[in-house]
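Please find below a colleague's note on the structure shown here. The points are numbered so that each can be taken up separately.

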Amino acid sequence: VVVGNVKLTDGRILIVETDQVFNFGELIFPNTGNNRLFELKEDKIIKLGDFPYGYRPEDVELVGNRLFAYSSSWLTLDEFDLDNNLKHVRTLTPQIIPEIPRERGFGRHASMTRIDDKIAICDRFTGNIYIVDINQ
C-alpha cells in the first residue's frame, strides 16, 4: 500500500510515497519509514528509487534528472540524482520552515511549484512562501 501524492512535473507523472502503513495487530496507521519514488509510465508503475529512511517527502519537482524534494521530517529542500537511485546530492536550505510545537502536529506540511530556476515552497500552516534558487 502506497500512501502519498501524485505529481505531474517536467512532463512525467511521479508517485511520491510519503508514509508506510504499519500494522500492529488490529492497529493500522501510516508513518514515515521507507519512502519510495515511482513513475507512472503508460500502464506501468516503475520504481525510481528510495529516499533516505524517515525522509517523508511531502512534495517534489523534477528538472531533467534532478529531483527536488521537500521533507516534512527534515524540514529541508533537498536535491536528489534521479539517475542514481535517488542519491542525495545536496541540501539547498537549512530547515527553512521552523518546527511547530508538537501539540499542533508532526512535521510541517508544504506544497511547492517550480518557477523557471526557482522553487516556491508554501508552508500550509502559516501561508508563508519561500523562494529558493535551485542553481545556487
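The points that follow concern a sheet, its hairpins, the nonpolar cores and a group of charged residues.

1. The coordinates come from a predicted model, and the remarks below should be read accordingly.

2. The open sheet. Four strands, in the order S6-S7-S8-S9, form an open sheet with antiparallel pairing. Its edges are strand S6 (57-63) and strand S9 (87-91), each of which pairs on one side only. On average, neighbouring strands of the sheet are turned by 30° against each other, direction ignored.

3. Pairing of S6 with S7. Strand S7 (residues 66-71) pairs with S6 in the antiparallel sense, over six bridges. Within this pairing, Tyr70 in S7 is the residue opposite Asp59. Asp59 returns in point 7, where its charged partner is described.

4. Arg66 has Asp81 in S8 as its bridge partner. The two strands make a hairpin with five residues between them, and Leu75 in the turn has a positive phi of about 60°. Strand S8 (residues 77-81) is mostly covered, with four of its five residues buried.

5. Pairing of S8 with S9. Here the antiparallel pairing runs over four bridges, and Glu79 stands opposite Arg90 in S9. S8 and S9 also form a hairpin with five residues between them; in its turn, Asn85 has a positive phi of about 50°.

6. Nonpolar cores. The largest nonpolar core has 13 residues, and those with the most contacts inside it are Leu14, Leu37, Phe51, Val60, Leu67, Phe80 and Leu86. Strand S2 (12-24), S6 and S7 are the elements that give two or more residues to this core. Leaving aside neighbours within four places in sequence, Leu67 is in contact with residues including Leu14, Leu37, Phe51, Val60, Phe80 and Leu86, and also with Glu61, Asp78 and Glu79.

7. Which residues form salt bridges with Lys7? One is Asp59, with the closest N and O atoms 3.0 Å apart. Because Asp59 lies in strand S6 and Lys7 in strand S1, this pair ties together parts that are 52 residues apart in sequence. The other partner to note is Glu61, whose closest N and O atoms to Lys7 are 2.8 Å apart. Glu61 in strand S6 and Lys7 in strand S1 are 54 residues apart, and the pair links distant parts of the chain. Through shared partners, the salt bridges join Lys7, Asp59 and Glu61 into one network.

8. Lys7 is placed in strand S1 (residues 3-9). A polar atom of its side chain lies 3.0 Å from the backbone oxygen of Met112. Leaving aside neighbours within four places in sequence, Lys7 is also in contact with Arg12, Ile13, Leu14 and Val60, among others.

9. An exposed pair. The count of salt bridges comes to eight. One of them joins Asp43 and Lys44, with the closest N and O atoms 3.8 Å apart. Both Asp43 and Lys44 are exposed, whereas Lys7 is buried.

Definitions and conventions: Residues are numbered from 1 along each chain as its sequence is written. This is a predicted model: local features need pLDDT of at least 70, side-chain atom pairs count only at pLDDT 80 or more; totals for chains, interfaces and linings use all residues. Side-chain values use heavy atoms; hydrogens and water are left out. A polar contact is a pair of N or O atoms within 3.5 Å; within protein, one must be able to donate a hydrogen and the other to accept it, and residues adjacent in sequence count only if both atoms are side-chain atoms. Contact means heavy atoms within 4.5 Å. Two strands pair if DSSP finds at least two bridges between them. Axes are lines fitted to C-alpha atoms, for helices over the stretch in contact, and angles run from 0 to 180 degrees between N-to-C directions. Buried means under 20% relative accessible area, exposed over 50%, partly exposed in between (1.4 Å probe, protein chains only). A nonpolar core is a set of buried Ala, Val, Leu, Ile, Met, Phe, Trp, Tyr and Cys residues joined through side-chain atoms within 4.5 Å. A salt bridge is a side-chain nitrogen of Lys or Arg within 4 Å of a carboxyl oxygen of Asp or Glu.
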